[in-house]
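Work through the exercises below with the sequence and the model open. Each task is followed by a solution in steps.

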Amino acid sequence: MRLVLLGPPGAGKGTQAVVLSERFNIYHISTGDILREEVKEGSPLGLKAKQIMQQGGLVPDEIIIQIVEKAINSKKSTNGFILDGFPRTLAQAEQLDKMLSNSDKNLDLVLDFETSTPVIIERLSGRRICPSCGAGYHVKNIPPKVEGICDNCNSKLSQRDDDRPETIKKRIDLYQKSISSIIDYYKKKGLLKTVSGDLEVDALYKVLIEMFKNNGLT
Ligand code: AP5
């Protein structure tokens, strides 16, 4: 199965992608996670991306496209993949098609998590992440068993640099400016399905599983 998850920051793409990738044994490719790892390592790519990400901007297409090409051609993608956070520009969407057609592959579905702005703000301001194992939490919706501590590895949870209120606003604005051309692109290809990102985690998961069944993917 090859999927793309679209949606504004905080729509819950990452949360659903983690569970879906386990359920279907497909590679979760999060461009945001890959970039954050590069920043953490202080690699040349990470140094280029750090400031852009902190300010809520978009990392240049050529960097992102290289990252995704490597991921979708890796062994981990043999069974399929979920792209989370890519494409974010029309050029990225077009390049994705080229990469896939070079290896005679195609996308099965593009899921758009439509999410209202108050929900996005509430989710991002309450998001906490584990800097060691990458697990994600929310102070109210998905709290850890012990406040501020990761359930999996006992590390102290932290907030993402780009989850500050002024950066959240910039990320939402940027998303709204760039998304319509991508939505139109996938609509024309007949691949686009819209779901409500406002739903709770389990309810949204059920909707997604039902959708896969209805599209002959499970
Ligand atoms: P990225 O990491 O992709 O960030 P994003 O798209 O802004 O998405 P988020 O991770 O903020 O949200 P999400 O939808 O995954 O929500 P989550 O599940 O975590 O990108 C970061 C940066 O990298 C970009 O700003 C850019 O600079 C750069 N970048 C990345 N890709 C790029 C590209 N293709 N091109 C150029 N630049 C790129 O959930 C959020 C919170 O809500 C969590 O606390 C979670 O626990 C909670 N939650 C989730 N679902 C629910 C639910 N259903 N109900 C209640 N709470 C929920």
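**Exercise 1.** In which loop is Asn25 found?

Solution. Asn25 is found in the loop between H1 and strand E2 (27-30); helices (H or I, at least four residues) and strands (E, at least two) are DSSP runs, numbered from the N terminus. The model is predicted, so local features need pLDDT of at least 70 and side-chain atom pairs pLDDT 80 or more, while totals for chains, interfaces and linings use all residues. Residues are numbered from 1 along each chain as its sequence is written, and side-chain values use heavy atoms, with hydrogens and water left out.

**Exercise 2.** Describe the backbone and exposure of Asn25.

Solution. Start with the general rule: most residues other than glycine have a negative phi. Asn25, not a glycine, has a positive phi of about 55 degrees. Next, Asn25 counts as exposed because its relative accessibility is 53% (buried is under 20% relative accessible area, exposed over 50%, partly exposed in between; 1.4 Å probe, protein chains only).

**Exercise 3.** Locate the cis peptide bond.

Solution. The cis bond joins Phe86 and Pro87, with omega about 0 degrees. Pro87 sits in the loop between strand E3 (81-84) and helix H5 (90-102).

**Exercise 4.** Which atoms of Arg36 and Val59 lie by the ligand, and at what distances?

Solution. For Arg36, a polar side-chain atom lies 2.9 Å from an oxygen atom of the ligand. For Val59, a backbone N or O atom lies 3.1 Å from a ligand nitrogen atom.

Terms used. Polar contact = N/O pair within 3.5 Å; in protein donor to acceptor, adjacent residues only side chain to side chain.
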